[in-house]
2 protein chains.
Amino acid sequence: MKEYKFAEAVDLSQPLEQGMPIYPGNPVPDIESFATLDKDGVNLTRLTIGSHTGTHVDAPVHFIEGGLSVDRLPLGGFFVECVVVDVSQRERGTGVTASDLDKGPQARPGDVLAVFTGCSRDWGDKSLNSDYTYLAPDAADYLVEKRVKGVGIDFLSVEKYGAKVPVIHRKLLGKGIFIVESLNRNLEEFKDRRFLLVCLPIRLAGRDAAPCRAVGVPIEES
Amino acid sequence: MKEYKFAEAVDLSQPLEQGMPIYPGNPVPDIESFATLDKDGVNLTRLTIGSHTGTHVDAPVHFIEGGLSVDRLPLGGFFVECVVVDVSQRERGTGVTASDLDKGPQARPGDVLAVFTGCSRDWGDKSLNSDYTYLAPDAADYLVEKRVKGVGIDFLSVEKYGAKVPVIHRKLLGKGIFIVESLNRNLEEFKDRRFLLVCLPIRLAGRDAAPCRAVGVPIEES
């Protein structure tokens, strides 16, 4: 029997705030007060963001014509066991290979495999936004073979910055494997233990992706 | 021992889409394509919403000077057992009383009590946006006495429309009780059974509220 330690849940999400890192070219977040206690007797906020702003889930229709939108992905898939592979020793801005992944904890079919590149340690360093560590094509093939339900990463994208063809997204999304991007550096805490990843995207009807509050819930087996 | 049926999770969230109902006077949602597969080789979305758009969690600082913001509420509180009180027999646009609540399933300390007004059955009917069923002050006192962790409702607000003084919000938020509003009509499915409510708000730094994907997870006790 498994016990889920909800009270010990760890935040794996980046804060949504003015000036936060984004994939270059995506909508620039604009988050501001719409009403305040002082002036209006109530605090309200208006936010303009992209569907890929902050920690978020990519759905097939992001890159696949006629693919499922984010609101149609099965909810049960966002309560999912996860293993973390630490590739933070790899040189920044290079591609993680199948062989790198295979050295880490083994994902079971139906798991999420989350890649800890270490780039999240420097979230906010703008030079990294176009020079982060990404997945090489054979890593995507490996993940498909492993029959994972989803793939996570602790920076802006699984794809090499500026890739002309979105090879990695197409390989994964084309097989119905969802992608959760911009997990935060707390992911490292789980590198030695399987946990329950909860990453329910908000219900953005018919769209390519949506922000989520990703959290890691420790599991105790008895 | 409790088993959580994640694979049977029920969506309790409203879809975020153009033209959706909002509390009058809040920011008008604007959700549109920012890039498309046809033109740009990728689907991306830009969304402008309010912090209270769609299914969302209210934090104390919504109405309490110096109160906690939504990103600072403990994560464990958003994995919470919930009971539903069905008051859908009550005349629309009237205030739910303590006595109404006490006729339903009893909340334990630390639960969420969710009020099913039935207004969610007519989500999209604009006349209801300023004439929905709300909580009367003695219902808020009852919830405080019950020491619930949170309060849910299946329409735009727990507060009477246009209230000059936000009595209900102040009573609840002032005691650190969070509020989840605009749950959808699926809430009714749980009126006869305790379930796990998961309603993690996105991590909107320092703000009064944030959208969440609220889901109901059936519990099996063994």
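Guide: One term to start with: a polar contact is a pair of N or O atoms within 3.5 Å, and within protein one must be able to donate a hydrogen and the other to accept it. Also, please keep in mind that this is a predicted model.

Visitor: Thanks! Which backbone nitrogen lies 3.0 Å from a polar atom of the side chain of B:Thr117?

Guide: That is the backbone nitrogen of B:Cys119.

Visitor: And where is B:Thr117 found?

Guide: B:Thr117 sits in a loop of chain B, between β8 (112–116) and β9 (134–135).

Visitor: Does B:Thr117 count as buried or exposed, and why?

Guide: Buried, because its relative accessibility is 2%, and buried means under 20%.

Visitor: Which side chain does the side chain of B:Thr117 make a polar contact with?

Guide: With that of B:Asp154, at 2.6 Å. Leaving out residues up to four places away in sequence, B:Thr117 touches B:Asp154 along with B:Val87, B:Ser88, B:Thr133 and B:Ile153.

Visitor: New topic: how many residues does each chain bring to the contact between chain B and chain A?

Guide: Chain A brings 61 residues and chain B brings 61 residues. About 5,100 Å² is buried between the two chains, and carbon and sulfur atoms give 65% of that area. On the chain B side, B:Phe6, B:Arg203 and B:Arg213 lose the most area to chain A, together 16% of what that side buries.

Visitor: How many salt bridges are there across that interface?

Guide: The rule finds two. The side chains of A:Arg203 and B:Asp11 meet in a salt bridge, with 3.7 Å from N to O.

Visitor: Which element gives the largest share of the side of chain B that touches chain A?

Guide: β4(B), which supplies seven residues. By class, that side of chain B has 32 nonpolar, 16 polar and 13 charged residues.

Visitor: One last thing: which residues touch the most other members in the largest nonpolar core?

Guide: In that core of 98 residues, they are A:Phe79, A:Leu197, A:Val198, B:Phe79, B:Leu197 and B:Val198. As background, nonpolar side chains tend to be buried together in soluble globular proteins.

Visitor: What is B:Leu197 in contact with, leaving aside its neighbours within four places in sequence?

Guide: Its contacts include B:Leu12, B:Phe78, B:Phe79, B:Val80 and B:Cys82. B:Val112, B:Val180, B:Ala214 and B:Val215 are in contact with B:Leu197 as well.

Conventions. Residues numbered from 1 in each chain as written. Chains lettered and ligands numbered in written order. Predicted model: local features only at pLDDT ≥ 70, side-chain atom pairs only at ≥ 80, totals over all residues. Heavy atoms only, no water. Core = buried A, V, L, I, M, F, W, Y, C linked by side-chain atoms within 4.5 Å. Buried < 20%, exposed > 50% of the residue type's maximum accessible area, 1.4 Å probe, protein only. Contact = heavy atoms within 4.5 Å. Buried area = accessible area lost by both parts, 1.4 Å probe. Salt bridge = Lys/Arg side-chain N within 4 Å of Asp/Glu carboxyl O. Helix = DSSP H or I, 4+ residues; strand = E, 2+ residues; numbered from the N terminus. Nonpolar A, V, L, I, M, F, W, Y, C, P; charged D, E, K, R; others polar.
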